[in-house]
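I opened my notebook to record what I looked up in this structure, going through one chain, then the contact, then the other chain.

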Amino acid sequence: MDQFYGKVAEILEVNEVRDGDVLKDFEAWDSLTILSIIAMADSDYKVTLSAKDLDNIKTVGDLKTYFENHEK
Amino acid sequence: MSGRLYNPMSLDNCSFLVTGAASGIGRATAIMLSRLGAKLICADIDKAGLEETLAVLEGTGHLSQVFDLRNIADIDKWVIDACASFGRLHGLVHAAGVSCIAPVKILSIEKYREVFLINTESALALAKVFPRPKVYAGSNGSIVFISSAMALVGSSAAVGYSLSKAAIHGMTRSMAIEYAKKNIRVNAVAPGFVKTSMFDKSKARWDEEQAARVEALHPLGFGQPEDVAHAIAFLLADTGRWITGTILVVDGGYTAQ
(Lines give C-alpha, C1' and ligand atoms only; values in the text may rest on other atoms or scores of the structure.)
Protein backbone atom coordinates (compact mmCIF):
# COMPACT_ATOMS: atom_id res chain seq x y z
CA MET A 1 0.00 0.00 0.00
CA ASP A 2 3.14 2.19 0.14
CA GLN A 3 2.88 3.44 -3.41
CA PHE A 4 -0.92 3.72 -3.45
CA TYR A 5 -1.12 7.53 -3.39
CA GLY A 6 1.57 7.89 -6.06
CA LYS A 7 -0.16 5.44 -8.38
CA VAL A 8 -3.57 7.03 -7.90
CA ALA A 9 -2.09 10.49 -8.50
CA GLU A 10 -0.53 9.27 -11.73
CA ILE A 11 -3.83 7.83 -12.94
CA LEU A 12 -5.68 11.02 -11.99
CA GLU A 13 -2.96 13.04 -13.74
CA VAL A 14 -2.13 15.22 -10.73
CA ASN A 15 0.99 15.67 -8.59
CA GLU A 16 -0.51 14.34 -5.38
CA VAL A 17 -3.75 13.16 -3.82
CA ARG A 18 -5.11 13.13 -0.27
CA ASP A 19 -7.63 10.91 1.49
CA GLY A 20 -10.37 13.53 1.38
CA ASP A 21 -10.16 14.17 -2.37
CA VAL A 22 -13.41 13.29 -4.16
CA LEU A 23 -12.65 11.05 -7.13
CA LYS A 24 -15.34 12.43 -9.43
CA ASP A 25 -14.09 15.99 -8.92
CA PHE A 26 -10.83 15.29 -10.78
CA GLU A 27 -10.70 16.61 -14.34
CA ALA A 28 -9.23 13.31 -15.54
CA TRP A 29 -12.15 11.30 -14.09
CA ASP A 30 -13.60 9.49 -17.13
CA SER A 31 -14.26 5.96 -18.35
CA LEU A 32 -10.57 5.39 -19.14
CA THR A 33 -9.54 6.52 -15.68
CA ILE A 34 -12.12 4.18 -14.17
CA LEU A 35 -10.63 1.35 -16.24
CA SER A 36 -7.15 2.34 -15.08
CA ILE A 37 -8.21 2.16 -11.41
CA ILE A 38 -9.80 -1.25 -12.02
CA ALA A 39 -6.68 -2.49 -13.84
CA MET A 40 -4.40 -1.17 -11.07
CA ALA A 41 -6.57 -2.84 -8.41
CA ASP A 42 -6.23 -6.16 -10.20
CA SER A 43 -2.56 -6.09 -11.19
CA ASP A 44 -1.00 -4.32 -8.19
CA TYR A 45 -3.27 -5.32 -5.29
CA LYS A 46 -5.08 -8.45 -6.54
CA VAL A 47 -8.34 -6.68 -5.74
CA THR A 48 -11.37 -7.34 -7.94
CA LEU A 49 -13.14 -4.08 -8.55
CA SER A 50 -15.97 -3.34 -10.98
CA ALA A 51 -17.25 -0.05 -12.37
CA LYS A 52 -20.33 -0.59 -10.22
CA ASP A 53 -18.18 -0.98 -7.08
CA LEU A 54 -16.48 2.31 -7.91
CA ASP A 55 -19.86 4.07 -7.95
CA ASN A 56 -19.98 3.58 -4.18
CA ILE A 57 -16.41 4.78 -3.57
CA LYS A 58 -16.39 8.56 -3.13
CA THR A 59 -12.90 9.62 -2.07
CA VAL A 60 -9.29 8.58 -2.41
CA GLY A 61 -9.42 7.49 1.22
CA ASP A 62 -12.50 5.33 0.53
CA LEU A 63 -10.59 3.71 -2.33
CA LYS A 64 -7.60 2.97 -0.10
CA THR A 65 -9.88 1.44 2.54
CA TYR A 66 -11.57 -0.69 -0.13
CA PHE A 67 -8.21 -2.01 -1.30
CA GLU A 68 -7.08 -2.72 2.27
CA ASN A 69 -10.29 -4.63 3.01
CA HIS A 70 -10.26 -6.66 -0.22
CA GLU A 71 -6.57 -7.23 -0.89
CA LYS A 72 -5.86 -10.96 -1.34
CA MET B 1 -23.50 -44.81 -55.16
CA SER B 2 -21.60 -45.22 -51.89
CA GLY B 3 -23.67 -44.78 -48.72
CA ARG B 4 -20.62 -43.44 -46.94
CA LEU B 5 -20.87 -39.82 -45.83
CA TYR B 6 -18.25 -37.56 -47.36
CA ASN B 7 -16.56 -35.29 -44.84
CA PRO B 8 -14.10 -32.85 -46.43
CA MET B 9 -13.05 -31.76 -42.94
CA SER B 10 -12.06 -35.25 -41.80
CA LEU B 11 -8.84 -35.25 -39.78
CA ASP B 12 -8.45 -39.02 -39.59
CA ASN B 13 -4.78 -40.04 -39.22
CA CYS B 14 -3.74 -36.43 -38.51
CA SER B 15 -1.98 -35.17 -35.41
CA PHE B 16 -1.88 -31.67 -34.00
CA LEU B 17 -0.51 -29.64 -31.12
CA VAL B 18 -3.08 -27.30 -29.54
CA THR B 19 -1.87 -24.76 -27.00
CA GLY B 20 -4.27 -23.12 -24.57
CA ALA B 21 -6.25 -26.37 -24.59
CA ALA B 22 -7.36 -26.13 -20.94
CA SER B 23 -10.15 -23.66 -21.61
CA GLY B 24 -12.03 -21.43 -24.03
CA ILE B 25 -11.15 -21.48 -27.70
CA GLY B 26 -8.27 -23.91 -27.17
CA ARG B 27 -10.49 -26.45 -25.45
CA ALA B 28 -13.27 -26.11 -28.01
CA THR B 29 -10.70 -26.55 -30.76
CA ALA B 30 -9.23 -29.67 -29.19
CA ILE B 31 -12.70 -31.17 -28.81
CA MET B 32 -13.66 -30.31 -32.40
CA LEU B 33 -10.43 -31.71 -33.85
CA SER B 34 -10.85 -34.94 -31.87
CA ARG B 35 -14.40 -35.30 -33.18
CA LEU B 36 -13.00 -34.98 -36.70
CA GLY B 37 -10.61 -37.86 -36.02
CA ALA B 38 -7.39 -36.10 -35.04
CA LYS B 39 -4.90 -37.20 -32.40
CA LEU B 40 -3.77 -34.33 -30.20
CA ILE B 41 -1.08 -32.97 -27.95
CA CYS B 42 -3.04 -30.64 -25.65
CA ALA B 43 -0.87 -28.08 -23.91
CA ASP B 44 -1.53 -25.44 -21.28
CA ILE B 45 -0.16 -24.09 -18.03
CA ASP B 46 -3.40 -25.16 -16.28
CA LYS B 47 -3.09 -28.84 -15.33
CA ALA B 48 -6.62 -29.23 -13.93
CA GLY B 49 -8.16 -27.60 -16.99
CA LEU B 50 -6.15 -29.87 -19.27
CA GLU B 51 -7.43 -32.92 -17.44
CA GLU B 52 -11.00 -31.73 -17.95
CA THR B 53 -10.34 -31.27 -21.65
CA LEU B 54 -8.70 -34.67 -22.08
CA ALA B 55 -11.69 -36.29 -20.36
CA VAL B 56 -14.08 -35.11 -23.07
CA LEU B 57 -11.97 -35.67 -26.18
CA GLU B 58 -13.09 -38.31 -28.64
CA GLY B 59 -10.74 -41.03 -29.78
CA THR B 60 -7.57 -42.27 -28.13
CA GLY B 61 -3.85 -41.57 -28.06
CA HIS B 62 -4.09 -37.94 -26.96
CA LEU B 63 -1.31 -36.46 -24.88
CA SER B 64 -1.55 -33.80 -22.18
CA GLN B 65 1.40 -31.46 -21.67
CA VAL B 66 1.63 -28.90 -18.88
CA PHE B 67 3.99 -26.22 -20.12
CA ASP B 68 4.55 -22.52 -19.47
CA LEU B 69 4.97 -20.80 -22.83
CA ARG B 70 6.81 -17.95 -21.12
CA ASN B 71 9.79 -20.33 -21.09
CA ILE B 72 10.51 -19.34 -24.67
CA ALA B 73 14.00 -20.81 -24.79
CA ASP B 74 12.63 -24.25 -23.82
CA ILE B 75 9.84 -24.45 -26.40
CA ASP B 76 12.11 -26.01 -29.01
CA LYS B 77 13.18 -28.94 -26.80
CA TRP B 78 9.72 -29.34 -25.28
CA VAL B 79 8.02 -29.82 -28.66
CA ILE B 80 10.73 -32.16 -29.97
CA ASP B 81 10.60 -34.27 -26.79
CA ALA B 82 6.79 -34.43 -26.90
CA CYS B 83 6.84 -35.58 -30.52
CA ALA B 84 9.45 -38.23 -29.72
CA SER B 85 6.83 -40.18 -27.77
CA PHE B 86 3.64 -38.95 -29.47
CA GLY B 87 4.66 -38.96 -33.10
CA ARG B 88 5.08 -36.18 -35.61
CA LEU B 89 2.56 -33.46 -36.29
CA HIS B 90 0.55 -32.29 -39.27
CA GLY B 91 -0.21 -28.94 -37.69
CA LEU B 92 -0.31 -26.68 -34.72
CA VAL B 93 -2.89 -24.34 -33.24
CA HIS B 94 -1.63 -21.61 -30.94
CA ALA B 95 -4.73 -20.71 -28.92
CA ALA B 96 -2.92 -19.82 -25.69
CA GLY B 97 -3.06 -16.15 -24.88
CA VAL B 98 -3.67 -13.54 -22.23
CA SER B 99 -5.74 -10.39 -22.25
CA CYS B 100 -4.54 -6.93 -21.36
CA ILE B 101 -7.08 -4.28 -20.44
CA ALA B 102 -5.10 -1.19 -19.57
CA PRO B 103 -5.24 2.40 -20.78
CA VAL B 104 -1.88 3.54 -22.11
CA LYS B 105 -1.21 5.72 -19.06
CA ILE B 106 -0.93 2.64 -16.84
CA LEU B 107 0.40 0.19 -19.42
CA SER B 108 3.77 -0.72 -17.92
CA ILE B 109 6.69 -2.05 -19.94
CA GLU B 110 6.62 -5.22 -17.87
CA LYS B 111 2.93 -5.80 -18.58
CA TYR B 112 2.98 -5.34 -22.34
CA ARG B 113 6.18 -7.34 -22.67
CA GLU B 114 4.58 -10.23 -20.79
CA VAL B 115 1.51 -10.09 -23.02
CA PHE B 116 3.72 -9.99 -26.12
CA LEU B 117 5.79 -12.90 -24.82
CA ILE B 118 2.80 -15.22 -24.44
CA ASN B 119 0.61 -14.01 -27.31
CA THR B 120 3.24 -13.40 -29.95
CA GLU B 121 6.75 -14.55 -29.19
CA SER B 122 5.66 -18.02 -28.14
CA ALA B 123 3.68 -18.28 -31.39
CA LEU B 124 6.86 -17.57 -33.33
CA ALA B 125 8.86 -20.04 -31.23
CA LEU B 126 6.29 -22.80 -31.84
CA ALA B 127 6.15 -22.09 -35.56
CA LYS B 128 9.94 -22.06 -35.71
CA VAL B 129 10.30 -25.59 -34.32
CA PHE B 130 7.34 -26.98 -36.27
CA PRO B 131 9.12 -27.64 -39.62
CA ARG B 132 11.92 -29.63 -37.95
CA PRO B 133 12.10 -33.25 -39.24
CA LYS B 134 11.57 -34.56 -35.71
CA VAL B 135 8.31 -32.57 -35.43
CA TYR B 136 6.67 -32.14 -38.84
CA ALA B 137 5.10 -35.14 -40.51
CA GLY B 138 6.20 -33.72 -43.84
CA SER B 139 2.98 -33.28 -45.74
CA ASN B 140 -0.04 -30.97 -45.73
CA GLY B 141 1.25 -28.99 -42.76
CA SER B 142 -0.94 -26.28 -41.28
CA ILE B 143 -0.31 -23.70 -38.60
CA VAL B 144 -3.15 -21.60 -37.20
CA PHE B 145 -2.54 -18.65 -34.91
CA ILE B 146 -5.32 -16.96 -32.96
CA SER B 147 -5.24 -13.23 -33.42
CA SER B 148 -8.21 -10.94 -32.65
CA ALA B 149 -10.65 -8.45 -34.06
CA MET B 150 -8.72 -6.04 -31.79
CA ALA B 151 -5.88 -6.31 -34.30
CA LEU B 152 -8.16 -4.90 -37.00
CA VAL B 153 -10.10 -2.19 -35.20
CA GLY B 154 -9.28 0.12 -32.34
CA SER B 155 -10.64 0.18 -28.82
CA SER B 156 -9.71 2.10 -25.71
CA ALA B 157 -7.58 0.26 -23.14
CA ALA B 158 -6.61 -2.38 -25.72
CA VAL B 159 -3.17 -1.18 -26.85
CA GLY B 160 -1.19 -3.89 -25.08
CA TYR B 161 -3.44 -6.64 -26.42
CA SER B 162 -3.89 -5.12 -29.90
CA LEU B 163 -0.19 -4.78 -30.54
CA SER B 164 0.41 -8.42 -29.61
CA LYS B 165 -2.31 -9.59 -31.96
CA ALA B 166 -1.54 -7.22 -34.85
CA ALA B 167 1.99 -8.62 -34.85
CA ILE B 168 0.46 -12.06 -35.44
CA HIS B 169 -0.98 -10.78 -38.73
CA GLY B 170 2.38 -9.65 -40.11
CA MET B 171 4.00 -12.86 -38.93
CA THR B 172 1.27 -14.98 -40.55
CA ARG B 173 1.68 -13.41 -43.97
CA SER B 174 5.46 -13.53 -44.17
CA MET B 175 5.71 -16.97 -42.65
CA ALA B 176 3.13 -18.26 -45.15
CA ILE B 177 5.40 -17.20 -48.00
CA GLU B 178 8.49 -18.68 -46.39
CA TYR B 179 6.86 -21.98 -45.45
CA ALA B 180 4.97 -22.60 -48.68
CA LYS B 181 7.88 -24.54 -50.20
CA LYS B 182 7.81 -26.86 -47.16
CA ASN B 183 4.12 -27.49 -47.90
CA ILE B 184 3.16 -25.82 -44.62
CA ARG B 185 0.26 -23.37 -44.69
CA VAL B 186 0.15 -20.54 -42.15
CA ASN B 187 -3.07 -18.72 -41.31
CA ALA B 188 -4.67 -16.83 -38.45
CA VAL B 189 -8.21 -16.69 -37.12
CA ALA B 190 -9.30 -13.31 -35.74
CA PRO B 191 -12.21 -13.74 -33.33
CA GLY B 192 -14.43 -11.01 -31.99
CA PHE B 193 -15.79 -11.22 -28.45
CA VAL B 194 -16.21 -14.90 -27.64
CA LYS B 195 -17.75 -16.19 -24.42
CA THR B 196 -14.71 -17.54 -22.59
CA SER B 197 -13.18 -16.97 -19.15
CA MET B 198 -11.07 -14.19 -20.70
CA PHE B 199 -14.30 -12.57 -21.92
CA ASP B 200 -15.91 -13.01 -18.48
CA LYS B 201 -12.97 -11.18 -16.88
CA SER B 202 -13.37 -8.25 -19.28
CA LYS B 203 -17.14 -8.19 -18.89
CA ALA B 204 -16.88 -8.09 -15.08
CA ARG B 205 -15.25 -4.67 -15.44
CA TRP B 206 -18.06 -3.21 -17.54
CA ASP B 207 -21.17 -1.60 -16.19
CA GLU B 208 -24.55 -2.63 -17.67
CA GLU B 209 -24.53 0.20 -20.17
CA GLN B 210 -21.06 -0.75 -21.46
CA ALA B 211 -21.99 -4.43 -21.71
CA ALA B 212 -25.11 -3.62 -23.72
CA ARG B 213 -23.12 -1.26 -25.96
CA VAL B 214 -20.46 -3.89 -26.71
CA GLU B 215 -23.05 -6.56 -27.44
CA ALA B 216 -24.91 -4.19 -29.75
CA LEU B 217 -21.70 -3.82 -31.78
CA HIS B 218 -21.95 -7.50 -32.71
CA PRO B 219 -24.74 -7.88 -35.31
CA LEU B 220 -24.83 -11.63 -34.63
CA GLY B 221 -24.27 -11.30 -30.87
CA PHE B 222 -21.28 -12.61 -28.89
CA GLY B 223 -19.61 -15.73 -30.17
CA GLN B 224 -19.09 -19.18 -28.73
CA PRO B 225 -15.71 -20.93 -28.60
CA GLU B 226 -17.08 -23.52 -31.03
CA ASP B 227 -17.61 -20.81 -33.67
CA VAL B 228 -13.86 -20.22 -33.71
CA ALA B 229 -13.03 -23.93 -33.45
CA HIS B 230 -15.01 -24.59 -36.63
CA ALA B 231 -12.94 -22.01 -38.52
CA ILE B 232 -9.70 -23.47 -37.20
CA ALA B 233 -10.73 -26.98 -38.24
CA PHE B 234 -11.64 -25.68 -41.70
CA LEU B 235 -8.13 -24.25 -42.11
CA LEU B 236 -6.38 -27.36 -40.79
CA ALA B 237 -8.30 -29.84 -42.92
CA ASP B 238 -8.26 -30.42 -46.69
CA THR B 239 -10.88 -27.71 -46.90
CA GLY B 240 -8.03 -25.26 -46.30
CA ARG B 241 -5.70 -26.85 -48.85
CA TRP B 242 -5.36 -23.71 -50.96
CA ILE B 243 -5.48 -21.15 -48.16
CA THR B 244 -2.35 -19.60 -46.72
CA GLY B 245 -1.32 -16.18 -45.43
CA THR B 246 -4.95 -15.41 -44.58
CA ILE B 247 -6.55 -13.76 -41.58
CA LEU B 248 -9.98 -15.40 -41.23
CA VAL B 249 -12.24 -13.05 -39.31
CA VAL B 250 -14.83 -14.80 -37.14
CA ASP B 251 -16.55 -12.01 -35.24
CA GLY B 252 -20.32 -11.96 -35.69
CA GLY B 253 -19.97 -8.90 -37.91
CA TYR B 254 -18.10 -6.74 -35.39
CA THR B 255 -15.50 -5.47 -37.88
CA ALA B 256 -17.94 -5.21 -40.80
CA GLN B 257 -19.15 -1.83 -39.53
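**Chain A: order of elements**

I began at the N terminus of chain A, from which the elements run α-α-α-α. I kept in mind that this is a predicted model. My count for chain A gave 4 helices and 0 strands.

I then asked how the radius of gyration of chain A stands against that of a compact globule. For 72 residues such a globule would have a radius near 11 Å, and chain A has 11 Å, which agrees. Along the principal axes, the C-alpha atoms of chain A fill a box of roughly 30 × 25 × 20 Å. I noted that 25% of the 72 residues of chain A count as buried. Among the contacts in chain A with a separation of 6 or more, 56% are between residues 24 or more positions apart.

**The contact between A and B**

Turning to the contact, I found that chain A gives 11 residues and chain B gives 12 residues. On the side of chain A that touches chain B, α2 (31-45) and α3 (51-55) each supply at least two residues, and the largest share, 7 residues, comes from α2(A). I sorted the residues of that side of chain A into 7 nonpolar, 3 polar and 1 charged.

Next I looked up strand β2 (residues 39-44) of chain B and asked how many of its residues are buried. The count is 6 of the 6, so the strand is largely enclosed by the rest of the structure. I recalled that side chains in a regular strand alternate between the two faces of the sheet. In β2(B), Lys39(B), Ile41(B) and Ala43(B) point one way, while Leu40(B), Cys42(B) and Asp44(B) point the other way, and all are buried.

I followed the pairing of β2(B) to both partners. Strand β1 (residues 15-19) of chain B pairs with β2(B) in the parallel sense over 5 bridges, and Val18(B) has Cys42(B) as its bridge partner. Strand β3 (residues 63-66) of chain B also runs parallel to β2(B), joined by 4 bridges, with Ser64(B) opposite Cys42(B). From β2(B) the chain crosses through helix α2 (residues 47-56) of chain B to β3(B) in a right-handed β-α-β crossover. I also recorded a right-handed β-α-β unit made of β1(B), α1(B) and β2(B).

**Arg35(B)**

Last, I checked Arg35(B), which lies in helix α1 (residues 24-35) of chain B. Arg35(B) counts as partly exposed because it has 15 C-beta neighbours inside 10 Å. Between Arg35(B) and Gln210(B) I noted 175 residues in sequence and 37 Å in space, C-alpha to C-alpha.

Technical notes
Residues numbered from 1 in each chain as written. Chains lettered and ligands numbered in written order. Predicted model: local features only at pLDDT ≥ 70, side-chain atom pairs only at ≥ 80, totals over all residues. Rg over C-alpha atoms; globule rule 2.2 N^0.38 Å. Buried ≥ 20, exposed ≤ 12 C-beta atoms within 10 Å, placed from the backbone. Contact = placed C-beta atoms within 7 Å. Nonpolar A, V, L, I, M, F, W, Y, C, P; charged D, E, K, R; others polar. Pairing = 2+ DSSP bridges. Right-handed = clockwise from strand over helix to strand, strands pointing away.
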